Amino acid sequence: MPTLEQANILAKSGKLKEAELCLIQILDEGHVEISLIRYILATIQVQLGKTNKAIENLNLANQDFSEDSNFKNTFGVALLKSGNLNSAKSYFEEALKINPDNFQATLNLATTYFKIENLTKSDELFKRAISINSRDPDLHYNYSQTLKALDKNDKAEEFARKALELLPSSTDYNINLASIMTHRGKYQNAEDHYREVIKTNKSAKLQHNLAIILLQSGNFIEGWKRYEWRWKTPDYQLAQKFIDKPLWNGEYINTGSLLVWTEQGIGDQIIYSSMVNDLQGLCDDIILACEDRLVNIFRKSFNFLKVISISKLNSDNRLLSQINYQIPVASLGRFFRQNFNSFPGKPFLAFDTQARDKLKEKYNNLYGNKPIIGISWRSSNPRYGRNKSLKVEDFVKPLIDLDAIFISLQYGDISDDIKIFNEYGITVIQDENIDSFNDLDMFSIQVSAMDLVLSVSNTTVHFAGAMGIRCWTMIPSGHGQFWYWFRSRIDSPWYSSLRLFRQVEIGKWDKVLIEISKNIKDLNFILKKDNGKQDE
């Protein structure tokens, strides 16, 4: 019969699955200390990522540990990992009521407040945790995240370094420090740090992050090479079926077919597809696989190859078996974008000009013969969207007193935002006939009908740039400044019709808005119109 002592030995030796099985067997035998067994079992299940089972066992044991601070903390951790932030916060607070000096509960509550974006309270609790135990590396690592979010970047770097002093081998801690240095614009320091750590730590995440810094600086030869490490990181586990095929080496294919498959989000698929035309003449049988919503647009734009959806390719084993070589679309950069002179910058996405003219005429007939400005102020990117987005109250500033038609190119529910625009005297038109998320064919036509697009960095600007539509793009500093906007440039090598307005200070849009206001006021100069056509 298994014993609790055996389970503890297994757990301490890192054999968590065996320890879990042992404890389940003990429960089945009807152990007298059933609540204690469930508590210990739940602790192991939390470590195994089995949060639902852990919460179930903790609920069953809860009554017998109502005054146990560590039990409350464990329950909070399980809830935190399950995404139930408010309930997790309550349990950590209960743990601290029982024992105000419970370090883990203090640290976990500080982290929870960070996750719910109460940064002031998070900062306060991290300071409290430091007073209890200043030698915990996770404390310094997590606190640096809060400090970074508070734009206290010098202190964030200080605590990131303290975490590394305590645990130098941690991949996450090394990435955190380099990320904060990048966030502060200390690109060379971040690059040097990555190069030093990579000598002993072969993490794919480190290699990938170094690649991003190199590409952003225009070091394309080494940057593209290291960028191939992305397929060994957790964020890029989507293409194993394709990667099993031989990787194309950039040479002419005498016989056989080449699959080029798009990756990442819609904006990424568009910007990297600007390299597809460079494939002409290198293979007679090319298949381009992309997101379903882009299939029709790509078919009209790249008529020398076959375009299918990735979903169709995944379900068509016969077609997949006929492919001889493959390459992810961004990897084309290794062959075709080795320096800035290799970027043509010209439009490459086709659109229906008759449909464009008809839509433009519709807007002018309804709202007057005025310049048509398409606007987009939010990014829905789950990781960086907040950094790239503007509040309507700020975005509206350059638009006040402009005699123009404002068309929303923003997808999602914007009814509340439109009300705010109205409060500033700005009428924003939302064309109910255009589904900007699902119907990208019609959305691309709508973008093409604009005299000017004013947008944050999101899918809208990629459509505008790829079709040659004048677009002013607002670029954040720090997180959300994607590498392909490079550094310091006010133009885009990818898209000649784009002009970039960059944040000077992280999170501060004031100077960007002032600069846009200066340039947009003279609409007669910026948006000259000749029978509905733009005149640069």
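The legends below accompany several close-up views of one predicted model.

Residues are numbered from 1 along each chain as its sequence is written, and side-chain values use heavy atoms, with hydrogens and water left out. In this predicted model, local features need pLDDT of at least 70 and side-chain atom pairs count only at pLDDT 80 or more, while totals for chains, interfaces and linings use all residues.

**View 1. The chain as a whole.** The chain has 28 helices and twelve strands, where helices (H or I, at least four residues) and strands (E, at least two) are DSSP runs numbered from the N terminus. Its C-alpha atoms fill a box of roughly 85 × 65 × 45 Å along the principal axes. Of the 536 residues, 52% count as buried, a term that means under 20% relative accessible area, with exposed over 50% and partly exposed in between (1.4 Å probe, protein chains only).

**View 2. Trp483 in the largest nonpolar core.** A nonpolar core is a set of buried Ala, Val, Leu, Ile, Met, Phe, Trp, Tyr and Cys residues joined through side-chain atoms within 4.5 Å. The largest one holds 80 residues, of which Tyr272, Phe463 and Trp483 touch the most other members. Leaving aside neighbours within four places in sequence, Trp483 is in contact (heavy atoms within 4.5 Å) with residues including Ile212, Leu215, Phe220, Tyr272 and Trp494. A second, separate core of 50 residues includes Phe71, Phe103, Leu109 and Leu210.

View 3. Rings of Phe, Tyr and Trp (its six-membered ring) pair if their centres lie within 6.5 Å, and planes under 30 degrees apart count as stacked, over 60 as edge-to-face and the rest as tilted. The count by this rule is 34 aromatic pairs. One of them is the edge-to-face pair of Phe71 and Phe75, at 6.1 Å centre to centre and with 90° between the planes. These two residues are separated by about one helical turn because they are four residues apart in helix H5 (residues 69–81), and both Phe71 and Phe75 are buried. Elsewhere, ring pairs link a cluster whose members include Phe340, Phe343, Trp483 and Phe486. A charge sits over a ring if NZ of Lys or CZ of Arg is within 6 Å of the ring centre and within 35 degrees of the ring normal; Arg337 lies over the face of Phe343, 5.6 Å from the ring centre, and the charged end of Arg489 is over the ring of Phe340, 4.8 Å from its centre.

**View 4. The six-stranded sheet.** This open sheet has the strand order E7-E6-E5-E8-E9-E10, with parallel pairing, and two strands pair if DSSP finds at least two bridges between them. Its edge strands, E7 (428–429) and E10 (498–502), each pair on one side only. Strand E9 (residues 471–475) pairs with E10 in the parallel sense over five bridges, and Trp472 stands opposite Arg499 in E10.

View 5. Strand E1 runs parallel to strand E2 (residues 286–290), to which four bridges join it, and Leu259 stands opposite Ile287 in E2. Gln264, in the loop between E1 and helix H16 (266–273), has a phi near 65°, a positive value in a residue other than glycine. Gln264 counts as partly exposed because its relative accessibility is 29%.
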